[in-house]
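Biologist: Before we discuss this model, please set each label against the criterion behind it, and tell me where the conclusion comes from.

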Amino acid sequence: MQSSARRMGVMTDVHRRFLQLLMTHGVLEEQDIRRLQKHCYKVHDRNAAVEKLEDFIHNINSVLESLYIEVKKGITEDNGRPIYALVNLATTPVSKMASDFAENELDLFRKALELIIDSESGFASSTNILNLVDQLKGKKMKKKEAEQVLQKFVQNKWLIEKEGEFTLHSRAILEMEQYIRETYPDSVKMCNICHSLLIQGQSCETCGIRMHLPCMAKYFQSIREPHCPHCNDYWPHEIPEVFNQEKEKEREEEAGFSKSSKKSLRSRQQ
């Protein structure tokens with residue numbers, strides 16, 4: 001019955017549990033999504049063959065389509081790791097956050113977002129964000145409280161903090177792309193390769209086009225002398241490595257083997 005339901009695009013207990021857990025996490029990398037899928041099968045349909053992930057996600061989305069919800073796939077801007085998040089297509093992401101944050105907290109996020117979008121680096125310093133506290137809508141907020149709210153955004157995977165500066169988490173980019181395009185049409189930056197929203201990346205010093213690091217890595221991987229794909233001037237920036245899922249899996253397996261070996265060794269020594 002379960003396999004028949006999957007072919008028909010009907011939600012089963014496997015799919016429902018998968019969605020519930022994905023909502024709890026907010027966003028997951030592909031390796032974790034695959035583990036989550038296997039876990040759900042193990043709990044609800046142990047004897048069934050695990051459906052191909054792409055088909056599994058497509059089946060879920062075919063059911064969620066009428067609700068304007070989608071399990072969306074993207075990649076991280078820094079290293080190109082595949083990620084998945086449950087995205088609400090019917091409401092703007094900031095309004096979606098309303099159930100978790102107060103009006104003044106949401107306004108703090110909007111101001112941080114605007115600083116991030118306007119910056120050349122894709123980062124906004126905590127000092128610049130906190131300096132806008134007096135301009136917030138709703139209840140007044142002290143800078144100490146604002147610092148705690150920023151950490152709350154980090155914990156909920158809307159922002160990332162690096163050495164006192166904030167940028168958008170992959171979850172926020174995945175969920176907010178359309179909102180950002182519509183809200184900041186004059187400031188938004190796009191990748192010249194994949195043509196999607198760009199927060200962090202590299203730019204050509206001559207013509208100014210921008211590229212995500214993963215897009216740039218793939219574009220230049222077979223080119224000995226990198227040149228800008230738009231103006232053909234020499235590309236002076238360091239070219240990052242292309243993310244390789246298989247190599248990453250091998251590293252994880254080696255790391256897991258190393259940990260189990262050490263544990264086994266310790267047990268033998270006791």
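Predicted model: local features only at pLDDT ≥ 70, side-chain atom pairs only at ≥ 80, totals over all residues.

Modeller: Residues are numbered from 1 along each chain as its sequence is written, and side-chain values use heavy atoms, with hydrogens and water left out.

Biologist: What makes E1 and E2 edge strands?

Modeller: They belong to an open sheet of three strands in the order E1-E3-E2, with antiparallel pairing, where two strands pair if DSSP finds at least two bridges between them. Strand E1 (27–29) and strand E2 (69–75) each have a single partner strand, so one side of each is left without a neighbour in the sheet. E2 is joined to strand E3 (residues 82–88) by seven bridges, and Gly-74 stands opposite Ile-83 in E3.

Biologist: How do you know that helix H2 packs on this sheet?

Modeller: Helix H2 (residues 13–25) touches E1, E2 and E3, and contact requires heavy atoms within 4.5 Å. Its direction makes about 95° with that of E3, where axes are lines fitted to C-alpha atoms, for helices over the stretch in contact, and angles run from 0 to 180 degrees between N-to-C directions. Helix H3 (residues 30–44) also lies across E1, E2 and E3, running at about 100° to E1.

Biologist: Why are the buried residues of H2 said to line one face?

Modeller: Val-14, His-15, Phe-18, Leu-19 and Leu-22 are the ones in question; seen down the helix axis, the buried residues fall within an arc of 130°, so they line one face of H2. The arc is that of the directions from the helix axis to the C-beta atoms. On the other side of H2, Gln-20, Met-23 and Thr-24 are exposed.

Biologist: What span should H2 have, and what does the model give?

Modeller: The expected span is 1.5 Å times one less than the number of residues; for the 13 residues of H2 that is 18 Å, and the end C-alpha atoms are 18 Å apart, which agrees. H8 likewise has 13 residues and reaches 18 Å, close to the 18 Å expected.

Biologist: Which residues of H8 are buried, and what covers them?

Modeller: They are Ala-146, Val-149, Leu-150 and Phe-153, and they cover an arc of only 105° around the axis, which puts them on the same side of H8. Their cover includes H6, H7, E5 and E6, while Lys-144, Gln-148 and Gln-155 are exposed on the other side of H8.

Biologist: What makes a group of residues a nonpolar core, and how many residues has the largest?

Modeller: The term means a set of buried Ala, Val, Leu, Ile, Met, Phe, Trp, Tyr and Cys residues joined through side-chain atoms within 4.5 Å. The largest has 32 residues, and those with the most contacts inside it are Leu-108, Phe-109, Phe-153, Leu-168 and Ile-180. Helix H6 gives the most to this core, with seven residues. Leu-108 touches residues including Ile-129, Val-149 and Phe-153, leaving aside those up to four places away in sequence. Apart from this core lies another, of 19 residues, among them Leu-22, Leu-36, Tyr-84 and Leu-86.

Biologist: What pairs with strand E5, and over how many bridges?

Modeller: E5 (residues 159–162) pairs with E6 in the antiparallel sense over four bridges, and Glu-161 stands opposite Phe-166 in E6. The two strands form a hairpin with two residues between them, and Glu-163 in the turn has a positive phi of about 50°.

Biologist: Why is His-25 called neither buried nor exposed?

Modeller: His-25, which is in H2, has 38% relative accessibility and therefore counts as partly exposed.

Terms used:
Buried < 20%, exposed > 50% of the residue type's maximum accessible area, 1.4 Å probe, protein only.
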